[in-house]
2 protein chains.
Amino acid sequence: MANKRNIIVGQSGGPTAVINSSLAGVYKTAKERGFHKVYGMLHGVQGLLDEQYVDLSTQIHSDMDIELLKRTPSAFLGSCRYKLPEIHENPEVYEKIFSILDKLDIEAFIYIGGNDSMDTIKKLSDYAVVKGLPQKFLGVPKTIDNDLAMTDHTPGFGSAAKYIAASTKEIIRDALGMSYKKVNITVLEIMGRNAGWLTGATALAKTEECEGPDLIYLPEVTFDLDQFRAKVKALLEVKQNIVIAVSEGIKVADGRYVCELASNSDYVDAFGHKQLQGTALYLANLLSSELGCKARAVEFSILQRSASHMASRTDIDEAFMVGGAAVKAVDEGDTGKMVIITRKSEDPYVSTADIYDIHRIANIEHTVPRIWVNQEGDYVTEEFIDYVRPLIQGDYAPFIVNGLPQHLVLDLNRK
Amino acid sequence: MANKRNIIVGQSGGPTAVINSSLAGVYKTAKERGFHKVYGMLHGVQGLLDEQYVDLSTQIHSDMDIELLKRTPSAFLGSCRYKLPEIHENPEVYEKIFSILDKLDIEAFIYIGGNDSMDTIKKLSDYAVVKGLPQKFLGVPKTIDNDLAMTDHTPGFGSAAKYIAASTKEIIRDALGMSYKKVNITVLEIMGRNAGWLTGATALAKTEECEGPDLIYLPEVTFDLDQFRAKVKALLEVKQNIVIAVSEGIKVADGRYVCELASNSDYVDAFGHKQLQGTALYLANLLSSELGCKARAVEFSILQRSASHMASRTDIDEAFMVGGAAVKAVDEGDTGKMVIITRKSEDPYVSTADIYDIHRIANIEHTVPRIWVNQEGDYVTEEFIDYVRPLIQGDYAPFIVNGLPQHLVLDLNRK
């Protein structure tokens with residue numbers, strides 16, 4: 001076997017609580033398998049094009065650093081939202097990337113990301129194959145949205161689902177404590193423009209001591225305002241405290257997002273911008289106005305993707321596993337593939353890492369099957385819940401310093 | 001000593017992550033000191049007036065239940081926002097309350113709450129003294145806002161501060177990971193209409209591996225939009241990623257809340273309501289519009305008061321301590337008092353529970369001293385940070401069932 005050369009890894013797209021666990025898996029496995037240097041691109045391909053990279057051995061000095069990295073949210077290397085042009089449109093970009101890879105003696109290129117990032121892997125591996133270049137390209141799945149095809153689920157989803165379910169339980173407790181002889185409606189807004197996986201995860205708040213949300217609306221099902229009103233009114237006949245979970249991406253029949261309905265009044269803000277109010281805020285205002293009751297909106301906002309203090313152990317472990325599996329795959333000669341997670345067993349939950357042709361994954365959006373949403377379109381089924389539950393199990397206690405979780409942070413002055 | 005009779009305890013006002021730890025402290029100490037029955041009012045005095053109460057021995061069966069209660073957010077008994085009328089205005093309300101207390105053989109009445117709740121203790125104890133009635137009344141401090149007088153701090157504040165500081169660290173990581181060659185401004189909105197304790201707590205995110213927020217604006221200092229703009233522009237000369245923490249209660253010189261400035265355009269929403277947009281959203285829109293950059297707003301919303309999964313051990317322990325101290329005080333004959341926390345030592349941090357005349361506490365708002373905010377009014381001082389840091393230390397691991405924190409929940413069918 002020839003001497004192994006170097007490997008480069010990047011992170012791309014919106015971060016998750018466990019994207020750095022995949023980075024840790026790449027680094028540790030690359031070192032174990034005898035790669036010479038492990039480079040990290042700073043801010044993905046966009047940074048690489050500016051020759052921004054770091055030798056990861058200057059950042060990770062010990063197993064303790066590996067453990068810290070696994071508990072650090074957001075992209076340690078920095079992320080980007082950069083879509084590669086088509087090869088025929090702009091071959092210069094490809095030439096530049098490959099000249100940098102040549103300069104760094106790169107044998108394998110690993111990219112941790114979502115759909116756009118898998119498109120990058122597809123294009124780069126296609127280019128290499130067409131040009132007869134030696135570098136291997138492999139994708140590592142990552143996204144809280146869980147919308148990648150072929151993989152049972154994506155790393156990042158389980159931790160976001162756990163954070164959302166735990167926070168939903170806490171908010172339901174809060175709501176119950178505050179309502180006495182009066183109606184109290186809470187509308188929760190959850191990320192996922194086209195895929196309702198995270199919004200559906202609020203159903204996990206339904207536990208022996210918590211009723212969970214009353215209604216759950218996913219973007220996969222057309223949202224009907226009249227039906228919604230009728231449902232809430234019917235619920236108010238039997239209870240005074242109602243919690244509703246909605247995806248930011250729910251749309252009405254004419255294709256408009258619910259948050260766009262708020263703009264009926266042609267409202268422009270003080271700066272002349274047409275503002276889209278939040279979906280939850282719109283629905284809370286609507287209920288409050290029509291029913292004359294208290295209704296509040298809560299957006300989980302970016303906390304749902306960055307709350308590593310509430311990450312799932314299953315998720316962190318799987319993120320690490322898929323990072324390692326990508327290194328193994330390129331080391332064994334694979335290219336143009338993505339690591340996927342296969343669910344081998346439900347009870348006990350067992351998953352493995354496999355690889356799959358990137359061409360059958362990139363740019364395909366995996367949404368919640370209609371059959372996992374109830375007939376009325378306002379709750380997920382038991383099958384949905386059974387699918388998510390194993391993914392939120394366990395935790396890694398954060399390393400607490402002075403009362404707060406400690407993170408591993410890039411330091412370019414470090415040697 | 002005569003046979004001890006019964007004790008009743010209630011919770012009032014906005015909940016915290018540790019208000020139930022105080023309830024646990026009341027219950028356990030009352031049992032230890034030989035009180036016969038421990039009743040809980042459901043939804044505070046408002047529920048009591050409807051004769052809504054529960055024998056707590058039907059709810060708490062074991063030390064395990066006590067531990068679970070300490071880890072349960074929101075008001076276990078239910079809360080209320082009910083202000084007692086002045087005695088001369090409506091003596092019937094007082095007569096009704098005391099007739100219920102007599103019926104239940106109540107010797108002592110303990111109320112866990114904030115400023116309004118201490119007003120309730122003051123009025124009830126005054127009434128009892130004037131009428132020569134035997135019941136004792138004691139207040140237990142509670143509020144995330146930390147705005148009660150005479151006590152070093154209030155239970156609930158430390159946990160909210162810990163959650164806010166930890167989430168701020170995570171959001172700063174998220175922001176840094178996402179910004180490459182472009183400006184990225186994040187504005188965090190934090191609770192506290194008149195007191196900036198929680199907003200100032202974002203400064204604790206400044207740790208060895210995190211710069212913390214760049215600017216912090218408390219409601220105690222008049223907010224100057226021009227100065228704010230100038231400050232942000234100056235920061236943009238040296239860095240591209242800026243995180244700003246603002247209190248929901250910041251006001252400009254003419255006395256208007258910043259969130260009211262957004263209503264210049266006389267915007268009414270689709271339902272005809274004049275809406276107050278959020279403070280952070282207003283400032284993010286303003287910066288985005290004037291500087292042509294990306295600016296996002298994040299509201300911590302009610303998660304900051306209900307996130308028991310991130311509670312401070314110091315806070316949970318002190319909440320338990322002040323609950324117990326209230327029982328001890330009434331048992332020793334005190335009435336018309338509130339338990340206060342006294343800081344005995346900084347290093348190691350040691351605090352004790354003492355009691356203080358409720359008349360010198362009720363209805364006084366304790367805000368951040370001007371000297372703990374810097375000259376420019378845009379950051380807190382080291383003294384502020386040193387004051388808060390001990391209060392966020394330690395944690396109680398949540399009891400996790402099926403991947404989620406378990407809570408103790410009121411069940412009126414329980415025996």
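How many residues of strand S8 (residues 241-247) of chain A are buried? Select the strand and see: 7 of its 7 residues are buried, so count S8(A) as mostly covered. Buried means that 20 or more other C-beta atoms lie within 10 Å of a residue's own; exposed means 12 or fewer, partly exposed is in between, and C-beta atoms are placed from the backbone. Helices (H or I, at least four residues) and strands (E, at least two) are DSSP runs, numbered from the N terminus.

Before moving on, note that this is a predicted model, where local features need pLDDT of at least 70, side-chain atom pairs count only at pLDDT 80 or more, and totals for chains, interfaces and linings use all residues. Residues are numbered from 1 along each chain as its sequence is written, while chains are lettered from A and ligands numbered from 1 in the order in which they are written.

**Stop 1: around S8(A)**

Stay on S8(A) and look at its two faces. In a regular strand the side chains alternate between the two faces of the sheet. On one side sit Asn241(A), Val243(A), Ala245(A) and Ser247(A), and on the other Ile242(A), Ile244(A) and Val246(A); all are buried.

Two strands pair if DSSP finds at least two bridges between them. Find Asn184(A), which stands opposite Asn241(A). Tyr217(A) has Val246(A) as its bridge partner. From S7(A) the chain passes through helix H8 (residues 225-238) of chain A to S8(A), in a right-handed β-α-β crossover. Right-handed means that, with the strands pointing away from the viewer, the path from the first strand over the helix to the second runs clockwise.

**Stop 2: S2(A)**

Select strand S2 (residues 38-41) of chain A. Val38(A) and Gly40(A) on one side and Tyr39(A) and Met41(A) on the other are all buried. Strand S1 (residues 6-11) of chain A runs parallel to S2(A), with 3 bridges. Ile7(A) stands opposite Val38(A). Show helix H1 (residues 19-32) of chain A too: S1(A), H1(A) and S2(A) make a right-handed β-α-β unit. Strand S3 (residues 53-55) of chain A is antiparallel to S2(A), again with 3 bridges. There, Gly40(A) has Val54(A) as its partner.

**Stop 3: where the chains meet**

Show both chains. The contact takes 60 residues from chain A and 60 residues from chain B; residues are in contact if their C-beta atoms, placed from the backbone, lie within 7 Å. Helix H6 (157-178) of chain A is one of the elements on the side that touches chain B. H6(A) gives the largest share, 12 residues.

Which surface does each copy use? 100% of the interface residues of chain A are also interface residues in chain B, so the copies meet through the same surface.

**Stop 4**

Go to helix H10 (residues 279-291) of chain B. Its buried residues include Leu281(B), Tyr282(B) and Leu286(B). Just after H10(B), Gly292(B) takes a positive phi of about 65°.

Finish at Asp102(A), in helix H4 (residues 91-103) of chain A. Is it buried or exposed? Asp102(A) is exposed, with 12 other C-beta atoms within 10 Å. Asp102(A) and Ala295(A) are 59 Å apart in space, C-alpha to C-alpha.

Methods. Two residues are in contact if their C-beta atoms, placed from the backbone, lie within 7 Å.
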